[in-house]
Amino acid sequence: MGEPQKTFYLETFGCQMNVHDSEKVVGTLMAQGYRQVSTVEEAGLILYNTCSIRDKAEQKVFHRLADYKKLQAQGKKFGVLGCVAQQEGEKIFERAPHVSLVCGSASYRNLPQMLVQIEAQIGAGNCRVTGLDDRETDECFETEFTARTNPHRGYITIIEGCDKFCAYCVVPFTRGKERSRTSDSVLAEACQMADQGYSEVQLLGQNVNSYKDPAGKKSFAELLAAVGEVPGIKRVRFTTSHPRDFGRDIVAAIDSVPTLCDHVHLPVQSGSTRVLDAMQRLYTRDQYLERIAWMKAAKREISITTDIIVGFPGETEADFEQTLSLLDEVEYDGIFGFKYSPRPNTPSLKFEDAIPDEEKARRLSVLQEKQREIQRRRNERHLGQIAEVMVEGRNDARGQWIGRTSQNKVLNFKAPEGLTPVLGSYVPVVTTGCFPNSLLGQMVI
Ligand code: 5AD
Ligand code: SF4
């Protein structure tokens, strides 16, 4: 009889970087002979890839660890990966003594060795393995073993870490300094994905437009265009952009390469220059609006989305009004709004004039209600338009197919009788109805 197969369960919290890191972790574990299972009960090793961007996200992992603590008695091992691991480090062992592995994203390259260490200890009491010291590394987590979960659309990391140090943000502490991959290796991965049948790629980084090719061959806009020209690639997205480094050349690339999607996520955080200054965002409201104007002057209509934080320390009612007026001025197609959450190590942790939680909640709901109205109104412009959508799924209960436009809008549609759209294919759909967060349509043939 052979050895029982090693099994693991992995749950991911947080941003797309984390989702993609998890795909790499899964691939790495599988290459080590592990099999992924879908429940904690079936698994020998239970991993959480964590997020610490706001306190609420951070607490989730501790709830999970508490919920499953008793399973340690069955010999199961627990590991905490990602941003909470990096931020809290060995303190996690104190708070959750049943954890065996604590590893930040800059140390995933070393996961195979760490797993061997954990395995060596199985049955010999609880061991503690850490990977926390690599944030100064120049290396990215490049692996030949990425286990992508979607067969049509996939992520490619182009830059890791962040050097910006916005006053509220943990990312520079959890993900370390900026390091870019060579454009050659990014392009090789894009070509490989195209060969495997992927038609949509999303270039990822905390700050994609700070990208600096270590080989000095390509700027970010040039890399974007080159990925868009890889045969077989039909859609290229990128996230996230920082307004300070967002150059006109990116808009020019979108203008000249049709496969580059007409959607840009450009987090503004606040509409008040005073608050932007306190946040150390390195741009003013006017400079941000200048970038918006470049996009609005593009040949194709570019859909613009953003992130906004309400209730940053010292944010006055007048500052908040400025954020509201920015929504009117830009007319975003979507926003992600957040209540400011004080985070460890960050400069704003020490700022005075904290805004009470109820006031943050009030501002957030005013913001979201206003934006909902804008989206309700703006989505009407799509009525009667024909857009190409990628078929992403099926909603059986509604008898609808789920599609996504190049502008990143969900367009649910009906297909003509007897016609079954293929998942991952691109079909033309006319918009017949609209809601604040999605569109409704009919496939045209
Ligand atoms: N509190 C609230 N929101 C935050 N974000 C980042 N840090 C914080 C924080 N401390 C938001 C920003 C960022 C998004 C990913 O999360 O809007 O763009
Ligand atoms: Fe969360 Fe930021 Fe880490 Fe992503 S990089 S998982 S958003 S803390």
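Reader: Which residues of H2 are buried?

Author: Two conventions come first. This is a predicted model, in which local features need pLDDT of at least 70 and side-chain atom pairs count only at pLDDT 80 or more, while totals for chains, interfaces and linings use all residues. Residues are numbered from 1 along each chain as its sequence is written, chains are lettered from A and ligands numbered from 1 in the order in which they are written, and side-chain values use heavy atoms, with hydrogens and water left out.

Author: Helices (H or I, at least four residues) and strands (E, at least two) are DSSP runs, numbered from the N terminus. Buried means under 20% relative accessible area, exposed over 50%, and partly exposed in between (1.4 Å probe, protein chains only). In H2, the buried residues are Ala57, Glu58, Val61, Phe62 and Leu65. They lie on the same side of H2, because they cover an arc of only 145° around the axis; the arc is that of the directions from the helix axis to the C-beta atoms.

Reader: Which exposed residues does the face of H2 turned away from its buried side carry?

Author: That face carries Lys56, His63 and Ala66. The cover over the buried residues of H2 includes strands E3 (45–50), E4 (77–81) and E5 (99–103), together with helices H3 (82–88) and H4 (91–95). Contact here means heavy atoms within 4.5 Å.

Reader: How does one read strand pairing, and in what order do the strands of the 6-stranded sheet stand?

Author: Strands of a sheet pair through backbone hydrogen bonds, either parallel or antiparallel. Two strands count as paired if DSSP finds at least two bridges between them. The open sheet of 6 strands has the order E2-E1-E3-E4-E5-E6, with parallel pairing. Strand E2 (34–36) and E6 stand at its edges with a single partner strand each, so one side of each is left without a neighbour in the sheet. The twist averages 25° from one strand to the next. H1 packs on this sheet, touching strand E1 (6–12), E2, E3 and E4, and its direction makes about 175° with that of E1. Axes are lines fitted to C-alpha atoms, for helices over the stretch in contact, and angles run from 0 to 180 degrees between N-to-C directions.

Reader: Is E4 mostly covered or mostly open?

Author: E4 is mostly covered, with 5 of its 5 residues buried. Lys77, Gly79 and Leu81 are buried on one side, and Phe78 and Val80 on the other. E4 pairs in the parallel sense with E3 over 5 bridges, where Leu45 stands opposite Lys77. With E5, E4 pairs in the parallel sense over 4 bridges; Val80 has Val102 as its bridge partner there, and Leu81 has Cys103.

Reader: What unit do E3, H2 and E4 make?

Author: They make a right-handed β-α-β unit. A crossover is right-handed if, with the strands pointing away from the viewer, the path from the first strand over the helix to the second runs clockwise.

Reader: What is the strand order of the open sheet of 3 strands?

Author: The order is E7-E10-E11, with parallel pairing. Strand E10 (residues 200–204) pairs with E11 over 5 bridges, and Gln202 stands opposite Arg237 in E11. Helix H1 (residues 16–31) packs on this sheet as well, touching E7, E10 and E11.
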